[in-house]
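Here is a friendly set of questions and answers for someone meeting this protein for the first time. Please have a look at the structure before reading on.

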Amino acid sequence: MTNRWVYSFGGGGAEGDASMKNLLGGKGANLAEMSSLGLPVPPGFTITTEACNSYYAEGRQYPADLAAQVAGGIAHIEKITQKTFGDAANPLLVSVRSGARASMPGMMDTVLNLGLNDATVEGLARLSGDRRFAFDSYRRFIQMYSNVVLGLDHHAFEEILDDHKDRLGVDVDTALTAKDWEAIVAEYKQAVDRELGKPFPQDPQEQLWGAVGAVFQSWMNDRAKFYRRMHDIPESWGTAVNIQSMVFGNLGETSATGVAFTRNPSTGEAALYGEFLINAQGEDVVAGIRTPQSLTKAAREEMGDRNPSMEEALPTVFAEFRDVAARLERHYRDMQDVEFTVEQGRLWMLQTRNGKRTAKAALKVAVDMAGEGLISKEEAVARIDPAALDQLLHPTISPDAVRSVIAKGLPASPGAAVGAIVFSSEDAERRGAAGEAIILVRHETSPEDIKGMHAARGIITARGGMTSHAAVVARGWGIPCVSGAGDIAIDLKNRNFSVRGKVFNEGETVTIDGSTGEVLAGSVKMIEPELTGDFAALMVWADEVRRLKVRANAETPLDAKTARQFGAEGIGLCRTEHMFFDEHRIAAVREMILADDEAGRRAALARIAPFQKADFVELFTIMEGLPVTIRLLDPPLHEFLPHSEEDLAAVAESTGLDPAKLMRRARELHESNPMLGHRGCRLGISFPEIYEMQVRAIIEAACEIAKSGKPAPVPEIMHPLVGKGTEMKFLKDLTDRTAKAVIAEQGVALEYLVGTMIELPRAAIRAGDLAENAEFFSFGTNDLTQTTFGISRDDAGKFLNDYIEKGIFEKDPFVSLDQEGVGDLIRIAAERGRAARPGIKLGICGEHGGDPASIAFCEEVGLDYVSCSPFRVPIARLAAAQAALAKK
Ligand code: PEP
Ligand code: MG
């Protein structure tokens with residue numbers, strides 16, 4: 001049986017369709033789909049991703065039957081176009097492009113005008129009646145092919161071109177004649193010969209296979225690998241290759257090329273949005289070499305641009321294009337990102353795909369489309385990437401801030417950023433990694449810059465449009481970006497830029513506003529985002545389908561207020577130790593630690609108690625009857641003592657505590673492995689008076705609220721680091737004894753719960769024993785991950801990257817739950833806990849409670865709630881909704 005490696009499209013039909021993305025890649029599948037819809041697509045064929053995988057599996061050898069199938073694909077194009085590949089009189093020219101399952105913009109290589117050689121260029125000149133065009137196309141081909149396939153640097157070619165222009169005294173390509181291009185082609189070919197020691201390939205078949213091989217190989221280049229890592233794209237997907245008849249946007253004034261989004265990808269506004277260039281070839285728009293023109297008259301007017309829009313310059317073909325774009329959006333039921341070419345007044349569609357968009361646009365498009373009836377509310381909820389909500393929760397420039405505008409470019413990626421300017425991606429990467437806020441300033445960016453772009457807080461480019469590389473990549477990552485800031489003159493040698501005579505040196509601080517395109521001097525005041533409008537609408541829909549409750553980890557009043565503002569339904573973890581560090585309390589805490597006996601400790605604790613009670617009154621008041629889980633003291637006591645000798649001396653001096661005693665106690669408390677030492681409930685077992693004070697403060701606070709007539713809290717008192725049923729029994733007895741005494745003193749009815757964190761493998765395995773005395777479990781997956789792997793959560797940073805780079809860990813297990821190992825312990829604990837105490841309340845309060853993939857796991861195991869940091873609450877609400885929808 002032979003494998004099928006090639007699928008053709010064009011001429012009003014196709015062998016594939018949009019559902020075949022895995023096999024044909026996104027581009028190939030959608031070209032096939034558009035073709036079947038009867039849209040004008042240049043005929044072509046797709047070599048499958050399986051062929052790419054086979055190529056790598058067989059040690060970079062093509063499958064045996066691929067050549068014959070490719071020949072069939074070429075014959076298919078020849079039949080439709082009535083041209084012949086390699087024929088000197090009537091040559092077929094093709095483009096060769098990569099196309100993976102997920103779009104990887106600019107990550108891989110493309111070759112255009114393939115099939116041109118010394119003979120076919122003459123045919124093209126005759127056929128087009130435009131010798132200048134033919135030789136311009138040939139030199140473009142030599143340049144692209146030499147770069148992508150033969151590995152030559154494009155600077156060599158740029159130099160030749162610049163020399164020519166200098167000699168002729170012209171500065172634009174359009175001033176060059178056919179003769180000029182002919183001479184340049186000859187020099188380009190000499191350059192190839194000189195560099196490689198062999199001539200530029202003239203055989204179209206050799207050219208074709210060279211390009212196919214280059215696309216396959218580009219799947220493994222550094223850019224592609226980095227992009228895959230950033231976006232969790234598996235290497236095993238492979239890339240397809242699309243070979244397609246060329247259409248030319250550079251055949252005169254009725255030809256053009258452009259890119260468009262069916263809605264605005266920055267704001268989500270429902271209006272056709274994009275750019276085009278008259279008399280240009282596709283890559284010119286994306287590369288940002290010429291600044292493109294608007295598609296619509298409205299957009300042109302808004303930009304204050306004098307050059308005509310496509311709507312004005314090419315009205316008939318624009319009307320046709322507008323209809324096609326609308327039809328594609330309805331067909332795919334999502335905002336489309338399309339590429340097109342107009343060849344002498346005739347429209348050709350070269351690509352469609354779901355458009356990348358900012359979080360703000362994603363929200364607006366989803367909410368609008370649900371309103372238009374194009375998608376359901378549930379689909380709208382499912383479409384928003386929870387992690388991308390982060391972008392919306394980021395600051396923008398305060399409307400009342402003083403704006404000292406240095407330069408203005410295009411609003412390429414919204415949001416604001418402040419940082420020090422640097423001029424190379426290497427500097428951005430290095431300084432960004434060191435934690436500095438960096439703004440990367442470039443003429444334009446290319447895929448080689450992505451690491452530096454990723455490390456930057458914001459990006460400025462002097463050239464390029466809204467769909468330039470910088471703009472597309474920055475929007476995808478939610479990094480504010482101003483592109484095409486043409487007033488900025490960059491001096492790479494002296495590492496500065498100047499605007500109208502004023503110089504800004506490397507390291508100077510600027511602010512960029514990616515929503516207006518402004519670059520501002522200095523650091524400008526920011527404001528927090530608004531959580532209304534589309535955001536609120538989507539959250540309501542998410543809440544309608546979500547089963548998991550979402551709580552926040554919060555201990556300060558500010559955290560608690562933020563959490564509620566973001567929609568938290570309670571506090572899942574209040575870490576009480578944070579309350580002890582306050583400057584008014586730390587002295588009493590230290591006194592307690594230094595006390596020689598229980599009586600001394602009780603005396604010090606009595607001084608802390610009123611503060612502690614006041615904390616809880618405030619928290620309960622803010623939470624208005626919502627559940628609040630309070631964890632009793634957890635860290636080892638030495639954390640409350642000063643660390644260095646100078647600090648010790650200073651503390652002794654300011655508190656009047658005995659310095660020798662402080663020193664001795666600090667030494668006594670020193671542990672070689674404090675994370676596994678005298679911490680968690682072990683403190684409560686050694687020093688029950690500490691936990692008694694805390695329980696008393698909690699219950700007294702709750703009684704006070706209940707008495708005042710406000711909604712009575714139901715405190716959930718939580719014990720950390722419990723590992724054994726007998727520990728839990730001791731702690732439950734201590735808690736109940738203390739709480740009941742307070743309730744009796746206060747004379748009010750009050751409910752409370754006593755429970756435990758699950759942070760140790762033993763606790764998970766013996767969850768049944770714990771559940772006898774625990775009314776709830778909260779999975780402390782920070783410690784549970786640490787204790788399951790035996791990897792210190794504080795030191796893992798030193799080597800985790802090695803594990804990730806070597807493919808041993810797919811992700812950092814402290815960020816995204818290790819569902820196999822730690823997850824299994826959670827499953828076991830949930831099952832055994834429920835068996836011992838049916839209906840036991842289960843939640844998670846480790847960092848994983850705010851991670852979408854981990855939240856999906858919590859839904860699967862049937863936990864009752866997740867708890868995460870206040871800023872992640874909206875992300876968790878959306879992720880929980882999506883997890884519920886995925887189960888349907
Ligand atoms: C945990 O261990 O997951 C937890 C929430 O507690 P902490 O991070 O305070 O140790
Ligand atoms: Mg813990």
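The conversation below goes from the whole protein to single pairs of residues.

This is a predicted model, in which local features need pLDDT of at least 70, side-chain atom pairs count only at pLDDT 80 or more, and totals for chains, interfaces and linings use all residues. Residues are numbered from 1 along each chain as its sequence is written, chains are lettered from A and ligands numbered from 1 in the order in which they are written, and side-chain values use heavy atoms, with hydrogens and water left out.

Reader: How many of the residues count as buried, in percent?
Author: Buried means under 20% relative accessible area, exposed over 50%, and partly exposed in between (1.4 Å probe, protein chains only). The C-alpha trace spans about 105 × 70 × 50 Å along its principal axes. Of the 888 residues of the protein, the share that counts as buried is 55%.

Reader: What distance separates the centres of domain 2 and domain 3?
Author: The domain bounds come from an automatic or database domain assignment. That assignment gives domain 1 (6-245), domain 2 (256-355), domain 3 (392-525) and domain 4 (546-575 + 625-635 + 692-886). Taken over C-alpha atoms, the centres of domain 2 and domain 3 are separated by 26 Å.

Reader: Which strands stand at the edges of the open sheet of eight strands?
Author: Helices (H or I, at least four residues) and strands (E, at least two) are DSSP runs, numbered from the N terminus, and two strands pair if DSSP finds at least two bridges between them. The open sheet has the order S14-S24-S23-S16-S17-S18-S19-S15, with mixed pairing. Each edge strand has a single partner strand, so one side of each is left without a neighbour in the sheet; these are S14 (405-408) and S15 (410-413).

Reader: In S18, which residue is the bridge partner of Arg442?
Author: Strands of a sheet pair through backbone hydrogen bonds, either parallel or antiparallel. Strand S17 (residues 438-442) and strand S18 (residues 458-461) run parallel and are joined by four bridges. In S18, the partner of Arg442 is Thr461.

Reader: How far apart are the closest N and O atoms of Asp487 and Arg500?
Author: A salt bridge is a side-chain nitrogen of Lys or Arg within 4 Å of a carboxyl oxygen of Asp or Glu, and the structure holds 61 of them. Asp487 counts as partly exposed at 42% relative accessibility, whereas Arg500 counts as exposed at 64%. In their salt bridge, the closest N and O atoms of the two residues are apart by 3.1 Å.

Reader: Why are Lys729 and Asp733 separated by about one helical turn, and in which helix?
Author: These two residues form a salt bridge, with their closest N and O atoms 2.8 Å apart. Lys729 is partly exposed at 41% relative accessibility, and Asp733 is partly exposed at 33%. They are separated by about one helical turn because they lie four residues apart in helix H28 (residues 725-746).

Reader: Is Ile808 buried or exposed?
Author: Ile808 lies in the loop between helix H32 (797-805) and helix H33 (821-836). Together with Phe799 and Tyr803, Ile808 forms a nonpolar patch on the surface, with about 260 Å² of accessible area together. With a relative accessible area of 54%, Ile808 is exposed.

How values were computed. Patch = residues over 30% accessible without salt bridge, like charges linked within 9 Å, V, L, I, M, F, W, Y side chains within 5 Å. Areas by Shrake-Rupley, 256 points an atom, 1.4 Å probe, with all protein chains shown as cover.
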